[in-house]
Amino acid sequence: MAQAAPEPMTLLRRSLERRRIHSGYLLAGDADAAREAALEFARALVCSASESARRPCETCRACVRSAGPATDEKPIEIDGTGKRGPLFRHIGDHADLFWVDRGRDSTRVRVEQVRALQAALRFGSHEGGHRVVVIADAEQMNDAAQNALLRLLEEPPPETTLLLSTASVNGLLVTIRSRCQRVVFPVPRAAPLRSDAAPEAVRAIALRLDRASQAPLAELLDWAEEYRGERALAAEGVQLLLATSAEWLRERATAAAREGRRDLHGELAAFRTLQRCRKDLAQRNANPQMVAERALFALQTAAGGAR
């Protein structure tokens, strides 16, 4: 009987125990779990506890420095442009732990952030040990940022590890994926879209999608027009639309399979369109309203409606 695959955190802890640390890790799947694991692993890599102890130990000097701010303090806000805040921040106040994330009003991780990181890594370790970079929501890097990151992965500085946290690897360059040790965090099965357990916003989108097959073109255009306005806020709304639509397609395909229908070309084509929409929204600064239009037209076609 085949053995079950180790839990993702078990894989990371084994790397620590055996001191077989890769220069790049790709933590993918459940977005929240991947981010938390990246943070814990980064702190563990600089922990000075004995190898037999559980790390991060939370008591050594490195762990105290890498601990987050007190509950009544706000973490330093990153600004992707560098105009109203730093391009990256440290984890806690540990000088060898770097955290890169989207800016508050940005939908992408920008190339300027990766270049600033490259410049910081040219200097030696401040603490004389390992250095770790966490790039959260790595799938949100634009093409220029990914190419800049690739150079770091191809020639990583000594004693430096890059941790890429992402909900989906599809938006990342194949060359980036190939240079990272992948650790997969299973995504919990979502509650049925129309159940009381699903968020209200998700239920509302699902019900509108149910009616989309018979909706006239003007109604779909009106729906897409709701995603006008300030880009970061509009893009967040479209991301929810795309995520809900993907689950809506999955439920539809599952129901069709139970009924014995094998022709799922429409659902598959729509799913591929949703993937391209996600990538364009995150990396190519696409207009959220136009992305929503493409997605809704594809979903209507999948549902058998006339466009």
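**Exercises on a predicted model**

Apart from neighbours within four places in sequence, Arg-13 touches Glu-40 and Arg-54. The structure is a predicted model.

**Exercise 1.** State where Arg-13 lies and decide whether Arg-13 is buried, partly exposed or exposed.

*Solution.* Step 1: Arg-13 belongs to helix H1, which spans residues 8-18. Step 2: the relative accessible area of Arg-13 is 26%. Step 3: buried means under 20% and exposed means over 50%, with partly exposed in between. Arg-13 is therefore partly exposed.

**Exercise 2.** Describe the backbone at Pro-56 and at Glu-58, and locate both residues.

*Solution.* Step 1: most peptide bonds are trans, and most residues other than glycine have a negative phi. Step 2: the bond from Arg-55 to Pro-56 is cis, with omega near 0°. Step 3: Glu-58 is not a glycine, yet its phi is positive, near 75°. Step 4: Pro-56 is in the loop between helix H2 (31-46) and helix H3 (61-66), and Glu-58 is also in the loop between H2 and H3.

**Exercise 3.** Give the phi of Glu-159 and classify its exposure.

*Solution.* Step 1: Glu-159 has a positive phi of about 55°. Step 2: its relative accessible area is 53%, so Glu-159 is exposed.

How values were computed
Residues are numbered from 1 along each chain as its sequence is written. This is a predicted model: local features need pLDDT of at least 70, side-chain atom pairs count only at pLDDT 80 or more; totals for chains, interfaces and linings use all residues. Side-chain values use heavy atoms; hydrogens and water are left out. Helices (H or I, at least four residues) and strands (E, at least two) are DSSP runs, numbered from the N terminus. Buried means under 20% relative accessible area, exposed over 50%, partly exposed in between (1.4 Å probe, protein chains only). Contact means heavy atoms within 4.5 Å.
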